[in-house]
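Biologist: I would like to learn how to read a model like this one. Could you take me through some features, with the general idea before each case?

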Amino acid sequence: MNHPSNAALPSQIPTGSDPSPGMTKRSLRRLILWILLCAVLGGVVAVAYALIYPERMPDVIGEWVEDLTGANAHPVVLMRPPVAPLSAVAMVGQQMFNDPSLSASGKQSCASCHSAAHAFGPPNNLAVQLGGPHMADAGYRPVPSLDYLYRQAPFSIGPDQGDMDAAPVTLDTLASAAQGVQRAQKNAGVAPVAPAMVPQGGFFWDGRANTLQDQALGPMTNPVEMANPNIASVAAKLMQSKYIGTLKQLFGPRVVLDPNLLVSEAMFAIGRYQFEDQAFHSFSSKYDAWLEGHARLTQAELHGLRLFNDKDKANCAGCHLSQPSPDGLPPVFTDTQYEALGVPRNPALAQNKDPKFYDMGVCGPFRSDVANLTQYCGMFLTPTLRNVSTRGVFFHNGVYHNLKQVMDFYNLRNTNPEKIYPHDASGKVLKYDDLPAKYQANIDVADAPFDRKFGDKPVMSDRDIDDIIAFMKTLDDGYKPSGS
């Protein structure tokens, strides 16, 4: 029998051959790889999403992202003042603000000491500014910035009265009620357990002006500033101004018949300019952008912010409030209250050449209505820290000229007073040398970092101080977010 040559022999026919087991293993490996790849990609997407939108994450993840990147894990919407064109009254106020002809010298305007290019503070680092009839007289105190005063309340003592229809309570009555009441301790982020019965509000270092209008008038007749001898002299200069016609249009033609009325309305216009112009309260700092989730802080700035808010460390926010109000108003970095800090005497000031002279703030010498309320002697207004790094002089006597000196004072005043205060001929440290001994009990020794004792380790390291300063620089206006 013949067999075809190409016929398969029985032994050559595959039996039990099944490729599916091999294919299943390959498919399983592919499936596992795809699952791992999807997990990795999903994780990358999730992390990327968390980095971009930390506020949408659970708190623990959002705060981790904040630690890692400096993004705000809890952004807010800030309720800034509305932006609108200046009113006619504010525009003429702007003219007067920049008009040197209103001074006795003819060379000094409001803007000379409150420069728009320097956050409405002085354009130099002099402890006090020069003024007077011949621009040769030294001022008494450093010129404060006019920034962020639009929410400043009138001077008062203790909490708001609440009932606006009630008979006004005199400062003497309020202060007498507060006599012997323990001063409320100030801790960052913690409301006092009871209303603090301390001075608050007002303008100037001692709060002697109650409105922006009153504040504008002060330098006009100050003998070492614009140096007009009286209100009539200011009115005479207004009568010769190029905008006297506008003043008559705005306030009526009879306004020129009464010098006191004319000056009052003119100062009102300057106050309106400061209130209306966004430049005085732009809230355009990096910190504002960070609060709203539009900026990220560096590690140094973030660490500085946390120290600033730490009630046991720097405790800056105890007085310089750093959080938005419950209704979204941006923080102005002051509680507008008064503190006796015990800063060292500034020997460079002319009045301090007299060893018997003391500037006691609320108690005088430039206001007399509360001079007998001795529990407040040595207290001065807490200024805003917005635009603080643009300043060249600090505290009510201008004794310091940079933020490092300021922070060293807070850090070392009690632990190492020999590094802060001068010494007498025998080497004794003259602590609190700018306030009479009988009023030194008014000086704050309760709030951190002033709660440390002599010989204790300072609460802040040099790196801490550098980081707090880095944070304070984020309070300067004019920040431009990347990509804007």
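**Reading the chain**

Modeller: Let's begin with contacts, meaning heavy atoms within 4.5 Å. Of the contacts in the chain with a separation of 6 or more, 69% are between residues 24 or more positions apart. This is a predicted model: local features need pLDDT of at least 70 and side-chain atom pairs count only at pLDDT 80 or more, while totals for chains, interfaces and linings use all residues. Residues are numbered from 1 along each chain as its sequence is written, and side-chain values use heavy atoms, leaving out hydrogens and water.

Biologist: How many helices and strands does the secondary structure come to?

Modeller: Elements are DSSP runs numbered from the N terminus: helices are H or I with at least four residues, strands are E with at least two. Here the chain has 13 helices and six strands.

Biologist: What share of the residues is buried?

Modeller: Buried means under 20% relative accessible area, exposed over 50%, and partly exposed in between (1.4 Å probe, protein chains only). By that rule, 46% of the 484 residues are buried. As for the surface, the area comes from the Shrake-Rupley method with a 1.4 Å probe; the chain exposes about 24,800 Å², with 59% supplied by carbon and sulfur atoms.

Biologist: Which residues form a positive surface patch?

Modeller: Patch members have over 30% relative accessible area and no salt bridge, and like charges are joined within 9 Å. A salt bridge is a side-chain nitrogen of Lys or Arg within 4 Å of a carboxyl oxygen of Asp or Glu. Lys and Arg count as positive, placed at NZ and CZ respectively. The patch here consists of K25, R26, R29 and R30, with R29 in helix α1, residues 20-52.

Biologist: Why does M135 count as partly exposed, and why does Y148 count as buried?

Modeller: M135 is partly exposed because its relative accessibility is 26%. Y148 is buried because its value is 2%.

Biologist: Which peptide bond is cis, with omega near 20°?

Modeller: That is the bond from G364 to P365, and P365 lies in the loop between β5 (338-339) and β6 (380-381). Another cis bond joins A448 and P449, with omega about 5°; P449 is in the loop between α12 (403-412) and α13 (462-473).

Note on methods
Patches are made of residues with over 30% relative accessible area and no salt bridge: like charges are joined within 9 Å, nonpolar side chains (Val, Leu, Ile, Met, Phe, Trp, Tyr) within 5 Å.
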